[in-house]
Amino acid sequence: MSHQHSRTDDELTALIGELVSLETENPPGHEKRVAEFVHEWLTDRGIDATFVHEPYADRPQVVARVGDGEPTVVLNGHIDVVPAGDRDEWTHPPYAAEIDDGRLYGRGSADMKTGVAVGMMALADLGAEIGTDDLSGSIVFHAAIGEETGEPGTKTLLERGYGGDYGVVLEPTGMRTATSEKGLAWYEITVAGDPSHASRPEQGDNAITNARPVLDALESYDAEIADREDELVGQAHATVTKIEAGTKENVVPEDAVITIDRRFLPSESADAIDDEVDALLADVEADHGIETSWERTRTYESAAIDVDSDLADVFREQSAEHADISPDPWGVKGSTDVRNFVNDADIEAITWGPGELGQAHTYDESVDPAEAAVGLRTLKASVRELLE
């Protein structure tokens, strides 16, 4: 294994730092400043880069391409980050991109500006080789918006024809190769009541009291689906994460809103879960004479490709060789834009990249630039193998 330090490593560290120092919080969706930077960086290197002013005119995405042959590998990264939150909780300012004791700190350093930087560098480095006798095929690069809030950034790019034969979503997996990922659906269940003054509670119908059997049913449902398991992504969950009820201390509440976080397996679908929620609430209504309604407010579909796909095999072998990473089959419990490749565009795709998933969305989020450099070498070796 070669871990030699090079000028390329310094350039990569500087690039990660520049991307991190440009704040792109979402919400509200400040990606434009990084999109402009990425576009300029690529154009300066003679790479054909394009702004895509969809799905939102004021939040441009960037796509770039080198080569025009087959096969095509798509390198995908999102440029939005979750808000930094309380600045006082950070030891290193979230957008200073400070390096301390061999780690680069900042919001989005792990999730996923390092992935974006590695993709940009791989595109630039391999661009010089593509079209020679050694390397045919082509590489497409995405700097996508809106991933953190489930907006159709990557989905739009794929719909506009910026796809390929293989996709690599460069999230921080510690360079493990994920061939499947859990889905996530949020449900808001509204339990009805009837308001009255609390001095005359019998005139009203307390929505909080009515919510009790719903909560009991949800608890039973969570226990029941725990038996559903996938060897790569673990078990299904239905977790109550929020309850909102009541308007005033002396008023019987007229409704209660319960939020559920439902994590689901590649073998499940959001439509099937809708049916389960419907059936569960119909039973509670029949048994307790209460009224409910529900809405699915956000959905990230689950996704999976064959564990032994060519793409996954190449990345597992190269990661084992360059970075000593376990080649065992693996899946992500979170949600990434890989679902847009697999489900919407029918493209063989994995989630793979340097950095630790556990750093995502944390205070003092950080990444190891040395690991990023190994990631870049591994990515280039993998793409070369796919394109040879």
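What follows covers a helix pair, then the nonpolar cores.

This is a predicted model, where local features need pLDDT of at least 70, side-chain atom pairs count only at pLDDT 80 or more, and totals for chains, interfaces and linings use all residues. Numbering starts from 1 along each chain as its sequence is written, and side-chain values use heavy atoms, with hydrogens and water left out.

Helices (H or I, at least four residues) and strands (E, at least two) are DSSP runs, numbered from the N terminus. Two of the helices pair up like this:

| Pair | Axes come within | Crossing angle |
|---|---|---|
| H1 (residues 7-21) and H2 (residues 32-44) | 11 Å | roughly 150° |

That crossing makes H1 roughly antiparallel to H2 (over 145 degrees). Glu 11, Leu 15, Glu 18 and Leu 19 of H1 meet Val 34, Phe 37, Val 38 and Trp 41 of H2, contact meaning heavy atoms within 4.5 Å.

Just after H2, Gly 46 has a positive phi of about 75°.

Now the core, a set of buried Ala, Val, Leu, Ile, Met, Phe, Trp, Tyr and Cys residues joined through side-chain atoms within 4.5 Å. The largest one has 68 residues, and Val 38, Leu 42, Leu 75 and Phe 141 have the most contacts inside it. Helix H3 (residues 109-127) supplies its largest share, nine residues.

Note on methods. Axes fitted to C-alpha atoms, helices over the stretch in contact; angles between N-to-C directions. Parallel < 35°, antiparallel > 145°, perpendicular 65-115°, else oblique. Buried < 20%, exposed > 50% of the residue type's maximum accessible area, 1.4 Å probe, protein only.
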